[in-house]
Structure formats: structure tokens, C-alpha cells
Amino acid sequence: MPERNNEFGKYGARGIRGHEAVARRLDALAGFVATPVTARRGLLARLHYLTRSEHARQAARDAGLTVTDDTLKKWLRGRRNPSKRNLERIETAYRTVRRHNVARYLLARLNREGRGTRVEFHPLNQSQVDRPRQRAVEYRTLNVRRWDRIVEAWAEDDERALDDAWVSEAVVDLGSQWGQYEYVTNIGFAA
Amino acid sequence: MTDFDAIDALLAGAKPEVPLPPVEERRALREHLNLSRAQVAQVLGVSPSTVGGWESGRDPGGEVREKYAYFLDGARARRQAQAAEEAAITVQDAGSPAEAEDVETASVAPVGDGGGDGDADEVEVLTSPQPCVLCGRPARHQVAGFPQHLDPADCGRTAATPPARAAEPEGGRPDIEPDPEPERPASRKPTPESVAVRPVGRRMQAASDTPDLIGQAVAAALAQHQGDVDTATAALVKRAIPDAMALLDATRRGGRYDVVAHPWIPDILRKQSARGADQIWEARPKWFRPQLPPGNHEVTALDINGAYLSALKTHLPIGQLEHSTGPGHDRRRAGVHLITPPGWEHEDVLPNPIGNRDEPGPLWVTEPTLRLLLRLSGPKYGLCDPPEIHESFTSGATEGLLEKFRVALKDARDRAIVDGDEVTLEYVKAMYSKFVSTMGESNYNRELYRPDWMHLIRSQAFANLWMKAYKAYDEGLTVVRAMGTDELHVIGDWRGVFAEGRGVTEVKVKDTYTVGSEENQER
């Protein structure tokens, strides 16, 4: 697409890709366990979440936590501690399972039976750009009605699909200047 | 030798300054003609604030001074002519019946009243009656283009049945009717016959046509719970946050600025952990007077009504906060500032405006605290040195952002107090207090993520309390304690300083107690 930016930041503009901001916001709305997995409390919270039911165990296995039930039990009782690599696996499995579990409800809240959610686009930061090269990029808002592809891509943690979905479902509706909003400082919405 | 010609011309053109009427008369002259500063400023080719300056002490110079003098002369001439004419009309009215006067003037007017009959106000007789600008009834005269009754008695008598009243829907809700409040001075209170209107978009609309969200919600809740006050109140309090957001949306419709709900937030405004605090110092007062003079003292604990509701009127940053460094303060922007607070030498009589901070050194304060410090360091108060501003996160600010929202809540609160409607009172209280407490990063209100606003509004409440404490001190009361958002303990006749009541401008008594030394109590 011709509106995409090629060398973003060449003249000092700062910002993040829109879909990254969306993923951050969706993560914030999903509400992960705040304590890091390296702390005992954070580890236990994640393990409890992943072992609450047989369904949860299966989901954890599908998400890459392929350890035996015996090991899990020992981790939970504190007789043994997971290795560094297993800590990473626990973390990724937890985030994946949590995203999958939350996605349905988040999607319903964002679509709001077709009424959609108001999204704020906060433009990129041009304070470090030379004055002649600065452009008037305004704060914009938009009602995004279809969140299905966006939430699906986020739940799958598929960055490319999320980028595509975000641009084609939401950003292009800003009009012919949507390329100015490929990079933003923040994307704000509630759910 | 054109240079010398120019000098000659300049010398010839120079003349003494035209005398102007005294300062206090200038404004009176303009206001007598019902002209706004902007109108005068436009014809003189200056800004309205300049005209304001001329009316409050400054003097114009040069060409514009002559123009201004010409305007004031003309205004004075018109005022004199008008006074003379009014005297003539009253004499005429007393002498002849109104009908005869109509005929008499009608015979003259069509020829052209502008014939320079010395009549500064062009009184014209209308062939068809038009509604009077004062009372709305058909009038047969117009003065300077405004149809009106010449006889004030005529105008007052007919005002009893304005036609606009008929247009109002039958059985208008009682809550839009002005409440009879004999105890309060009714300066802006409409007369019982007038129709309350408010701007909607580019037009005006009767207040009865704009939906009263609070009244509707209360009525619906009471109907749903069959008039059970307790359950209805509980249900209303439970939905106070979404209702407050809906009310905010309704009051922002057609507004100049959008409410930016999810801006980028600098790290100082982010909580360090889930239960931690961010780095903003809200300047909550927690002060008590260390020593009292000997003897027994009757202390009154006063409670400021609706402190957070009043604090919604504050300079709020509209958009995303932008970083800046340097000592200046821009009055058009608001946000949070890293300052080194000035020393405070009045700790034994007045609370420190930045609250009781134990740590020395710079701290992040909000706009109301900074403005309070700047005000107190100014020539009017002179209580401390100006604070030193190191860096700021600010955005363009307005005081009007939540103003309609605040007024809607305040009106509902006032009505509820007059009607003794506890349900609405609780509902309104829950709306504004929860709105303020959840507008930050709270999960109970995800519509609005403005921790900066939350801090600013709270700080404004504390600054308001500080100013109340100062007022008490200034009027000769002894301030004993200032704490929280709304509590002030004073010794002395506080009724001369604060009005007692339940309105937002009034205070109520929370407690009275005696404090004093032992031997004095035994005596």
C-alpha cells in the first residue's frame, strides 16, 4: 500500500506502530497477573491458572507447556523450582491461554452488538523533527465496528495478521491520509 | 528638501492631547448605551481588553485617543438627550392618555424621525404591533430598532401572560420550575413566568426540551422499585459511574473540545505497581495548629459541602501532556510540574499550601497547587517566595471542560435539597465522587483514563480548602485544623465569615467541642 511509511523516524519523528499500541491496549484490558513470573507469588498465580481444570491443562499443553503432571505438582508444592527456560514457557503459555480465554468476552464488549467502540488516535511525536519538515497531524477519533479479525490476530499473537487487520479494518477508515496514523503515540479505547 | 516638508507637516499636525472624561465615567458612558467592549473596540480598531484597560486607569494616545474622545463625547451627548426625553415622556404620560399619545406621535413619525429633532433615541411608531423585547407582548413603538412599550407600567402589567408560556408543554415537570427559595438572594433567579432556555448547537432550546438525565434516572429507579427509597438509592448508586459518563457525553455535545479519554500518559503519572501510587503530590492538607492561646476555646468543625463537585471547575489539560523544561509558567496550559516549593513561615497559624511534606527537595505538583503557590507569592498575598519550576508536562487547558457537567450536577443537588429528595442527593453525590475517583487508571471506569485530571481535581479541592482556611484567618478567626478535603476547625464567630447551609457555597457544622488548659477548666 502506498500510504505505508518506508523510513519512519528518518527526520526524528517518534512513535510506535498502530497495531503494537492496539496489542498493548488489549493486553491491558485482558489484565494479566501483574507480579512477574520470577517471583514465587507470580509463578503460583500462573500455575494455578493453568492447572485449574482438565480443560486448562490441555490448553496449557497446547500452548507449549509440555511437562508431566508430576513436575507441575512439585512446582506447585515448592519442592522443585522451574528452570529458566521453563519459566519462559510458563509465561508464554499463561499469556496465550489467558488471551484465548478472554478473547470471546473482549470481542463481545468491543463489538457491542454492532455498535462498535470509539477509538482515539493520538498522532506521532514530532517534537524532534525540524520545523520545516513538521506536518499538521491531528488527534482523530473513529468508531470501529468490526473487531473480529483484530481480536483473533491478537489472541493468536500473530503480529503480521494483527497489523493487516488493524490497517484494513480500522485505520483506512480515517480517509485518504490514513498513512499518517500508521505510527502513533497511543491508541486509546475502552472495553 | 522633502525631509523638511515632512517635519513641517509633523509640527503642524502636532497638537495637545484631547481631554478624556475621568476613568470611572468612561465605563458608565459605554454601559449606558448597552454597548459591549468588543463593539467599541471594533470601531476604534483596538482589542476589547485595551478598551477595558482604558476604563480601568490607562489612557490611550495618539490618533486612537481622539477617536475614543469622540466616542465618549457622543455617548455623553446621547445620555443627556435621553435623560431629557425620559423626563418629557413621563410628563406627557401623566398629562394625556396613551391613545392620544400614540396618535400624536404617529402623525409625526412616518415623515421621518431622523429629521434631527434632537431626539437621540429614534422612537418610531410601528404600523403593526410587534412583540416587546422586554415583556413579549405586542408593542406599538420601537426605540432604536427594538420594539418595546414606552410606558414601563404597560410593560409590567402585560408581562403576567407572556405568549411563550403557551408554547410550553402541558404539565411541565416541576423540577424545571424555579424553586421558591425565600432565604437566598435571587439575583439570577428567573421570574416565575420566564422560560428557562439553554444553547443547543447554534440555536436556543427550552430547558424542558433538553433531557434531564438525572431526574429521569431517579424517576425510573423509583418506579422500578415501587417507590422503595432504600433499594432505589442502592440501585442508582451502583450505576453511578456509567451514568456519570453518559451525563458527561450529553453535556459535551456541541462543545468546543472533545474529551480526550485515553492519551499517552507520562511515567510519573503511572502507578509503580498495582496498589502503589504515582509520583504526583496532591497537597492534601493535614495540618493542626501547634499551640493555642491560654484559656478555654470553643472549636467548631466545619464541613465544606460538595468539595469535589466544586473542584470540577479547574484548569484541565485538554489533550496529551507535552514535556517542557524551564522556569516559566504558561497560564493557558495546565498539567503537572516539578517544582521546588518555597519555604513556609506561617506554619503556626496557617497550613502549608503544599500540605505536610516531610521530604525536602523537588516534587511533582499539579496545576491548582502551583497556581495557589504563585498566587500566594504574588504582591496581593506576599506569604511566600515563588516556587521554582524545573520541568512540566502540560497541555492547553480550559476551565470549561467539565463546567456544564458540574452545573447539571449542582442544579440537581440544589433541587434535591430544596425538595428534600434524599434519593437524588445520594445519586448525585455518588456520581461526582465516583467520577473523580475512577477517572484515573481504575478498572471501574474504563471510559476515561485521565489520572492527570483526577489529581488536578483533587488538588483543586485541597486548594479551595486552603483558601477557605486563609479566609477564616484573614477575617480574624483562629484556624485550628485543616484536614482532608473538606474539614476545617475554627475558633471564633465563623457565621460572620461563612454562610451556613447545604449549598456548595455554604458550610455545615460537623462538630463543636471545647479545648483548653486544665487549670482554666477548673476555675
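**Close-up views of a predicted two-chain model**

**View 1. B:Leu456, a buried residue of chain B.** B:Leu456 is buried, as 26 other C-beta atoms lie within 10 Å. The model shown here and in every other view is predicted. B:Leu456 belongs to helix α16 of chain B, which covers residues 451-474. Its contacts, apart from neighbours within four places in sequence, are B:Thr314, B:Leu316, B:Ala334, B:Thr366, B:Glu367 and B:Pro368. One of these, B:Thr366, is 90 residues from B:Leu456 in sequence. In space, the C-alpha atoms of B:Leu456 and B:Thr366 are 5.7 Å apart.

**View 2. B:Arg284 in a loop of chain B.** B:Arg284 sits between strands β6 (280-281) and β7 (286-288) of chain B. Is B:Arg284 buried, exposed or partly exposed? B:Arg284 has 17 C-beta neighbours inside 10 Å, so it counts as partly exposed. Burial would take 20 or more. Leaving out residues up to four places away in sequence, B:Arg284 touches B:Gly355 and B:Phe462. B:Arg458 is 174 residues from B:Arg284 along the chain. The C-alpha atoms of B:Arg284 and B:Arg458 are separated by 8.3 Å.

**View 3. Helices α14 and α15 of chain B.** Helix α14 of chain B spans residues 403-419, and helix α15 of chain B spans residues 422-438. Their axes come within 9 Å and cross at roughly 155°. α14(B) is therefore roughly antiparallel to α15(B), the cut-off for that class being over 145 degrees. The crossing of α14(B) past α15(B) is left-handed. From α14(B), the contact takes B:Leu409, B:Ala412, B:Arg413, B:Ala416 and B:Ile417. From α15(B) come B:Thr424, B:Leu425, B:Val428, B:Met431 and B:Tyr432. By class, the contact of α14(B) with α15(B) holds 8 nonpolar, 1 polar and 1 charged residues.

**View 4. Helices α2 and α5 of chain A.** Helix α2 of chain A runs over residues 40-50, and helix α5 of chain A over residues 84-111. The two axes come within 10 Å. They cross at roughly 50°, so α2(A) and α5(A) are oblique to each other. α2(A) passes α5(A) in a left-handed crossing. Which residues of α2(A) meet α5(A)? They are A:Leu43, A:Arg46, A:Leu47, A:Tyr49 and A:Leu50. Across from them, α5(A) supplies A:Ile90, A:Ala93, A:Tyr94, A:Val97 and A:Arg98. The contact of α2(A) with α5(A) comprises 8 nonpolar and 2 charged residues, with no polar ones.

**View 5. A:Glu113, with positive phi, in chain A.** A:Glu113 lies in the loop between α5 and β2 (117-123) of chain A. Its phi is near 55°, a positive value in a residue other than glycine. Most residues other than glycine have a negative phi. A:Glu113 counts as exposed, because 6 C-beta neighbours fall inside 10 Å.

**View 6. B:Asn34 and the annotated segment of chain B.** The loop between α2 (23-32) and α3 (37-44) of chain B contains B:Asn34. B:Asn34 is not a glycine, yet its phi is positive, about 60°. With 9 other C-beta atoms within 10 Å, B:Asn34 is exposed. An unreviewed UniProt entry annotates residues 27-58 of chain B as "domain: HTH cro/C1-type". Over residues 27-58, chain B is 66% helix and 0% strand. The end C-alpha atoms of residues 27-58 are 13 Å apart.

**View 7. Chain A as a whole.** Chain A has 7 helices and 4 strands. From the N terminus on, the order is β-α-α-α-α-α-β-β-α-α-β. Of the 191 residues in chain A, 28% are buried. Among contacts in chain A between residues at least 6 apart in sequence, 75% join residues at least 24 apart.

View 8. Chain B has 17 helices and 16 strands. Of its 523 residues, 28% are buried. In chain B, 66% of contacts between residues at least 6 apart in sequence join residues at least 24 apart. How many residues of chain B are in contact with chain A? The count is 13 in chain B, in contact with 11 residues of chain A. The side of chain B that touches chain A has 6 nonpolar, 4 polar and 3 charged residues.

Methods
Residues numbered from 1 in each chain as written. Chains lettered and ligands numbered in written order. Predicted model: local features only at pLDDT ≥ 70, side-chain atom pairs only at ≥ 80, totals over all residues. Contact = placed C-beta atoms within 7 Å. Nonpolar A, V, L, I, M, F, W, Y, C, P; charged D, E, K, R; others polar. Helix = DSSP H or I, 4+ residues; strand = E, 2+ residues; numbered from the N terminus. Buried ≥ 20, exposed ≤ 12 C-beta atoms within 10 Å, placed from the backbone. UniProt positions renumbered as here; feature names shortened; annotations may be inferred. Axes fitted to C-alpha atoms, helices over the stretch in contact; angles between N-to-C directions. Parallel < 35°, antiparallel > 145°, perpendicular 65-115°, else oblique. Left-handed = near helix turned anticlockwise from the far one by under 90°.
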